[in-house]
Amino acid sequence: MRLSPLLLFPGIFVCALFPLTNCEEQQIPEEKLLVVTVATKETDGFKRFLGSAKHFNYTVKVLGRGQKWMSGDYMSGPGGGQKVRLLKEALEEMKNEDKVILFIDSYDVVFASGPKELLKKFQQARHKVVFSSESLIWPNRHLEDKYPHVIVGNRFLGSGGFIGYIPNIKEMVADWTGKDNDSDQLFFTKIYIDPVKRKSINITLDSKCRLFQNLHGALDEVVLKFEDGRVRARNVLYDTLPVVIHGNGPTKLQINYLGNYIPNTWTFETGCTVCHQDLHPLTALKESEYPLVVIGVFIQQPTPFVTMFFERLLKLQYPKNRLKLFIYNQEAHHERHISSFLKEHRSLYQDVKVVGPEEEMDEAASCNMGFDMCRKDKDCDYFFLLDIQVVLKNENTLKILIEQNLPIVAPMLTRVGRLWSNFWGALSAEGYYARSEDYVDIVQGRRVGVWNVPYVSSVYLVKASLLRSELADYELFNSNTLDPDMAFCHNIRDKGIFMYVTNMHTFGRILSTDNYQTSHLHNDLWQIFENPVDWQERYIHENYTYIMKDKLIENPCPDVYWFPIFSDVACNHLVEEMEHYGKWSGGGNKDTRIQGGYENVPTIDIHMNQINFEKEWHKFLLEYIAPITEKMYPGYYTKAQFELAFVVRYKPDEQPSLRPHHDASTFTINIALNQVGPDYQGGGCRFLRYDCSIQAPRKGWSLMHPGRLTHYHEGLPTTAGVRYIAVSFVDP
């Protein structure tokens with residue numbers, strides 16, 4: 001009895017009849033798959049590759065560890081022959097002929113799915129060896145005509161990834177006799193375009209990117225697909241979900257971007273899944289065991305609120321005896337700020353080095369010097385670069401960055417009210433800023449994590465071990481065409497080192513240095529427009545924001561309201577600014593500064609417009625006085641148009657008091673700029689109709705009262721010292 005040929009191969013018969021069910025039973029077991037890659041050193045990209053392989057339980061064999069790389073790179077031209085040699089040598093030891101080998105690059109590759117899907121798609125290709133495909137031909141475009149045509153999909157072979165059975169791969173590499181710097185791409189291409197060899201080895205291309213996605217020439221085809229707690233890269237041209245994503249050629253930044261999400265590194269459901277891995281916790285250490293950090297403070301241009309910068313530097317929660325300071329200052333204007341800080345606090349730090357404007361050192365040279373200070377110091381563990389315009393509100397910033405245990409990591413900072421930040425999510429073709437798809441979400445905190453980015457600036461932490469190895473080149477910030485910060489990041493990217501930015505915490509912000517003038521005694525007073533948040537922190541009373549909630553507004557006399565408005569610093573700066581200007585009025589009735597030239601109730605004063613402060617004062621009234629006015633005087637939706645704004649000086653031997661009068665205003669703002677007792681005796685304000693006096697004005701507090709008709713008032717005598725008040729006549 002003869003058996004039917006179909007019965008001799010029951011598996012084929014069953015799979016033909018029931019392709020969607022029983023074929024699963026015939027699938028190649030996952031343990032038959034071995035991932036083989038070449039990595040002569042453990043780069044950041046290689047570590048990422050291993051992490052993605054571990055995520056999906058791939059078995060990986062690494063070839064070439066510790067060997068010198070002799071095959072060039074994608075920028076300098078064809079190479080890669082060393083990979084073929086190492087693969088050929090490794091295959092000679094592999095005897096299991098039903099084993100499947102995935103030979104793949106690793107520095108710029110991530111897995112997007114697991115072995116089961118990979119093997120299934122390999123089987124469905126119905127060939128013994130499947131290569132990745134590309135839309136671009138490389139390195140010899142003259143071979144284009146020899147390539148087989150495909151109906152749909154990519155036509156050209158990519159050597160960065162292929163999968164196949166051991167006997168077939170052995171046959172494919174058997175004839176390799178090339179040099180280590182010969183082209184592996186050209187070697188495999190010539191095999192593929194040879195019809196006899198292609199058939200004998202049984203090679204095909206993954207033309208629709210079902211297994212492999214090469215990014216070069218396909219950036220517009222690949223998007224992230226978020227679904228059910230998973231992230232995949234989807235090829236929208238062929239509607240496929242590749243298993244292996246390869247940032248081949250000049251697409252390293254794109255694979256870095258995709259690697260922020262794949263494989264499930266960040267999802268909408270879980271957020272960041274790897275941000276708490278491989279941390280370097282400091283909690284178990286004694287303070288004497290903390291890593292030693294060199295903090296490089298860089299002052300490149302006149303910058304507001306420098307005094308506050310050094311106050312925050314002092315508040316960093318890190319043992320000062322484990323810190324060394326390198327301060328580079330290019331601005332003579334800021335020498336007094338540095339001197340004042342070091343005079344009080346220099347002894348707290350293990351060491352301090354200052355490079356001043358007299359050195360005439362440019363920005364690049366100063367950054368190189370700071371890095372080298374850490375590089376040459378055998379005890380230095382980290383270099384913390386900190387530009388003067390950085391506002392670090394989080395006192396634990398340095399600890400947080402160290403604990404991340406990353407080569408280079410920056411805390412994310414932004415400018416208030418703007419999308420400007422200290423990192424770029426992408427680069428343009430020319431190497432300048434480009435907006436990545438996720439940039440706005442990261443900046444606005446809708447996506448929180450630790451992000452691999454192509455550019456960081458202004459503040460970041462660098463491992464000293466990196467400075468002594470891959471970054472041993474002294475001139476990291478030098479370039480003939482790029483700014484120092486761009487040159488640094490360019491050099492970092494070229495060496496395959498990853499830069500990260502974290503928005504896992506709120507760290508602070510970056511000041512605007514636009515339009516900052518240094519012609520005044522206290523230039524920060526003029527920053528209410530450019531840096532409103534910092535201006536408020538510096539100059540508005542700490543209890544101002546609690547006025548409404550905690551009912552801090554007092555009512556000492558009928559329709560008179562008393563509330564905190566200015567900080568001590570604001571009061572001091574305004575007084576010192578006026579005395580520095582020095583042109584006090586004579587206190588006579590004739591006054592050319594006002595309309596009509598006649599002052600009915602003259603005072604010894606200086607008007608805000610005399611020191612070019614009227615626009616800033618108007619902004620202050622609008623932002624901080626108007627909300628209280630509208631609360632206390634319902635219906636007066638003031639635009640804070642002021643008739644007059646000035647600082648008055650009362651002295652016993654000059655003008656000790658002010659006779660009873662009405663103000664030429666709907667309401668008046670009267671802010672005490674110094675303190676009764678230490679600064680002067682007497683003073684105050686009396687409202688005659690109500691026989692009500694405020695005789696102990698609090699420094700930084702404002703009286704607000706109606707000006708015309710009802711609130712006839714006088715300034716009580718100052719009996720000793722000097723009293724200053726800031727007065728505004730306001731009309732809604």
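At what angle do helix 4 and helix 6 pack, and how far apart are their axes? I started my notebook with that, keeping in mind that this is a predicted model.

**Entry 1: two helices**

I looked up helix 4, residues 81-91, and helix 6, residues 166-173. They pack at an angle of about 130 degrees, and their axes are 10 Å apart. That angle makes helix 4 oblique to helix 6. I noted the crossing of helix 4 and helix 6 as left-handed. Next I listed the residues that meet: Val 84, Leu 87, Lys 88 and Leu 91 come from helix 4, and Ile 169, Lys 170 and Val 173 come from helix 6.

**Entry 2: another helix pair**

I then turned to helix 10 (residues 306-315) and helix 17 (residues 532-539). Their packing angle is about 75 degrees, with the axes 11 Å apart. Helix 10 and helix 17 are therefore roughly perpendicular to each other. On the helix 10 side the contact is made by Thr 307, Met 308 and Glu 311, and on the helix 17 side by Asp 534, Glu 537 and Arg 538.

**Entry 3: the nonpolar cores**

I asked which residues have the most contacts inside the largest nonpolar core. They are Ile 295, Leu 313, Phe 371, Phe 384, Ile 408 and Tyr 460, in a core of 99 residues. Strand 14, residues 292-299, gives the most to this core, with seven residues. Apart from this core lies another one of 46 residues, including Phe 305, Leu 511, Tyr 539 and Ile 553. I wrote a reminder beside this: in soluble globular proteins, nonpolar side chains tend to be buried together.

**Entry 4: Gln 300**

I found Gln 300 in the loop between strand 14 and helix 10. Is Gln 300 buried or exposed? Its relative accessible area is 13%, so Gln 300 counts as buried, the cut-off being under 20%. Not counting residues up to four places away in sequence, Gln 300 touches Tyr 328, Gln 330, Glu 331, Glu 363 and Ser 366. I also checked Val 62, which is 238 residues from Gln 300 along the chain; the C-alpha atoms of the two are separated by 47 Å.

**Entry 5: strand 3**

I counted the buried residues of strand 3 (residues 100-104) and got five of five.

Strand 1 (residues 33-38) runs parallel to strand 3, and four bridges join them. Leu 33 has Val 100 in strand 3 as its bridge partner. Strand 6 (residues 156-165) runs antiparallel to strand 3 and is joined to it by five bridges. Here Phe 103 has Phe 162 of strand 6 as its bridge partner.

**Entry 6: strand 33**

I did the count again for strand 33, residues 667-672, and six of its six residues are buried. Phe 667, Ile 669 and Ile 671 lie on one side, and Thr 668, Asn 670 and Ala 672 on the other.

Strand 33 is antiparallel to strand 37 (residues 701-706), with five bridges between them. The partner of Phe 667 in strand 37 is Pro 706. Strand 33 is also antiparallel to strand 40 (residues 723-731), with six bridges. The partner of Ile 669 in strand 40 is Ser 728.

What is the order of the strands in the open sheet of four strands? I read it as 32-38-35-36, with antiparallel pairing. Strand 32 (658-661) and strand 36 (692-694) stand at the edges with a single partner strand each, so one side of each is left without a neighbour in the sheet. On average, neighbouring strands of this sheet are turned by 15 degrees against each other, direction ignored. Strand 35 (residues 685-687) and strand 38 (residues 713-715) pair over three bridges. In that pair I noted Gly 715 of strand 38 as the bridge partner of Cys 685.

Terms used:
Residues are numbered from 1 along each chain as its sequence is written. This is a predicted model: local features need pLDDT of at least 70, side-chain atom pairs count only at pLDDT 80 or more; totals for chains, interfaces and linings use all residues. Side-chain values use heavy atoms; hydrogens and water are left out. A nonpolar core is a set of buried Ala, Val, Leu, Ile, Met, Phe, Trp, Tyr and Cys residues joined through side-chain atoms within 4.5 Å. Buried means under 20% relative accessible area, exposed over 50%, partly exposed in between (1.4 Å probe, protein chains only). Two strands pair if DSSP finds at least two bridges between them. Axes are lines fitted to C-alpha atoms, for helices over the stretch in contact, and angles run from 0 to 180 degrees between N-to-C directions. Angles under 35 degrees count as roughly parallel, over 145 as roughly antiparallel, 65 to 115 as roughly perpendicular and the rest as oblique. A crossing is left-handed if the near helix is turned anticlockwise from the far one by less than a right angle, and right-handed if clockwise. Contact means heavy atoms within 4.5 Å.
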